[in-house]
Amino acid sequence: MPLTKNTDYDYPKWLFNGHLQTIVPSLFRATPPLPFERERISTPDEDFLDLDWLRNGSESLVIISHGLEGNSQRPYMKGMARQFFTNGFDVLNWNFRGCSEELNNRPIFYHSGATYDLDTVVKYASQNYDSIYLVGFSLGGNLTLKYLGEDRDRSQKIKKGVAISVPLHLESSSVKISTGENIIYAKRFLKTLREKVLKKALKFPKEIPTGILRKIKTLQDFDDHYTGPLHGFDDAHDYYEQNSSLYFLENIEVPALILNAQNDPFLSERCFPVNLARKLDHVWMEFPKYGGHVGFSPRKKEDIYWSEKRAFEFITGNQ
């Protein structure tokens with residue numbers, strides 16, 4: 001029922017393909033300063049998470065999760081935060097482990113299914129709010145949907161969720177981003193991931209071997225040798241299968257919106273589950289033809305991004 005064929009997104013004509021619609025906003029989007037306040041909280045396993053707050057004194061909070069190798073201050077994070085903050089919400093942009101310019105204290109990193117950290121953030125924040133809304137981009141979108149669909153004790157204050165540019169099926173998306181013309185994105189991610197491994201290995205030489213790094217050519221290689229084993233999975237395949245949010249959608253019981261552009265160079269065909277969408281009661285899916293990956297630039301420079309418009313409409317609407 002909630003499959004929506006939305007055609008409202010009208011892309012700038014000079015951004016004529018998915019690559020331009022992905023790269024240009026990532027590299028050249030400017031966002032005005034916002035009065036973020038940073039707070040560090042502890043995790044149950046004696047690590048830490050850095051949170052960036054925008055406070056209006058609202059009873060409603062939007063928690064925003066970033067993508068692979070992102071952080072709380074990326075332009076897409078600040079753009080979404082501004083949309084809700086200027087409309088009266090409190091906002092929390094949080095950093096995954098190791099993403100706030102300081103190595104975390106444990107050998108593990110973050111990963112696509114590390115919902116225990118999102119749960120820590122939600123439980124900490126929910127003490128002061130009546131309503132909580134979750135927004136996630138890319139990896140953070142997968143994290144958000146998996147969290148909403150897991151069999152776990154979640155706060156009843158969570159009212160809705162929005163996931164943008166989500167690799168719903170991790171394995172096939174990992175293959176897509178590492179093949180053909182898309183490999184430029186994988187190489188960019190691998191560069192910073194390798195740097196983090198080398199830094200972390202200085203602190204944890206026994207847990208994090210570096211000899212294999214030179215042989216890693218794809219994100220799947222990285223997940224096979226690092227992400228999977230470090231976080232308790234057998235290999236990349238096991239990690240992908242246990243953490244793909246596609247397998248958790250049927251258990252989501254609050255309204256959730258998925259925005260995936262059909263020309264997203266990161267997403268495989270399995271990230272557009274049209275048949276499943278028609279069966280779900282609580283998950284809305286919109287698959288516009290254009291938008292790229294975490295793109296959705298407006299036609300006019302002064303306008304808000306389409307993804308921010310849709311997220312705000314969904315969260316403040318009657319779904």
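Q: What makes the backbone nitrogen of serine 72 and a polar atom of the side chain of asparagine 95 a polar contact?
A: In this predicted model, the two atoms lie 2.9 Å apart. A polar contact requires N or O atoms within 3.5 Å, so the pair at 2.9 Å meets the distance cut-off.

Q: Why is asparagine 95 called buried?
A: The relative accessible area of asparagine 95 is 1%. Buried means under 20%, so asparagine 95 qualifies. Asparagine 95 sits in the loop between strand E5 (90-94) and helix H3 (115-125).

Q: Which residues is asparagine 95 in contact with, leaving aside neighbours within four places in sequence?
A: They are Arg38, Leu49, Asp50, Asp52, His66, Asn71, Ser72 and Ser100. Contact here means heavy atoms within 4.5 Å.

Q: How many aromatic pairs does a search of the whole structure find?
A: The search returns 19 aromatic pairs.

Q: Why is the pair of tyrosine 239 and tyrosine 240 called tilted?
A: The ring centres of tyrosine 239 and tyrosine 240 are 5.3 Å apart, with the planes at 40°. Rings pair if their centres lie within 6.5 Å, and planes under 30 degrees apart count as stacked, over 60 as edge-to-face and the rest as tilted. An angle of 40° falls in neither of the outer classes, so the pair is tilted.

Q: Are tyrosine 239 and tyrosine 240 buried or exposed?
A: Tyrosine 239 has 3% relative accessibility, and tyrosine 240 has a relative accessible area of 3%. With the limit for buried at under 20%, tyrosine 239 is buried, as is tyrosine 240.

Q: What makes the pair of tryptophan 284 and phenylalanine 314 edge-to-face?
A: The planes of tryptophan 284 and phenylalanine 314 stand at 65° and the centres are 5.8 Å apart. Since edge-to-face needs an angle over 60 degrees and pairing needs centres within 6.5 Å, both conditions hold for this pair. The pair links distant parts of the chain, 30 residues apart: tryptophan 284 is in strand E9 (residues 283-286) and phenylalanine 314 in helix H10 (residues 306-316).

Q: Why is tryptophan 284 called buried?
A: Its relative accessible area is 17%, and the cut-off is under 20%, so tryptophan 284 counts as buried. Phenylalanine 314, at 0%, is buried too.

Q: How do you know that the charged end of arginine 55 sits over the ring of tryptophan 53?
A: The charged end of arginine 55 is 4.3 Å from the centre of the tryptophan 53 ring, and the distance limit is within 6 Å. Lysine 200 lies over the face of phenylalanine 109, at 4.0 Å from the ring centre.

Definitions and conventions
Residues are numbered from 1 along each chain as its sequence is written. This is a predicted model: local features need pLDDT of at least 70, side-chain atom pairs count only at pLDDT 80 or more; totals for chains, interfaces and linings use all residues. Side-chain values use heavy atoms; hydrogens and water are left out. Helices (H or I, at least four residues) and strands (E, at least two) are DSSP runs, numbered from the N terminus. Buried means under 20% relative accessible area, exposed over 50%, partly exposed in between (1.4 Å probe, protein chains only). A polar contact is a pair of N or O atoms within 3.5 Å; within protein, one must be able to donate a hydrogen and the other to accept it, and residues adjacent in sequence count only if both atoms are side-chain atoms. Rings of Phe, Tyr and Trp (its six-membered ring) pair if their centres lie within 6.5 Å; planes under 30 degrees apart count as stacked, over 60 as edge-to-face and the rest as tilted. A charge sits over a ring if NZ of Lys or CZ of Arg is within 6 Å of the ring centre and within 35 degrees of the ring normal.
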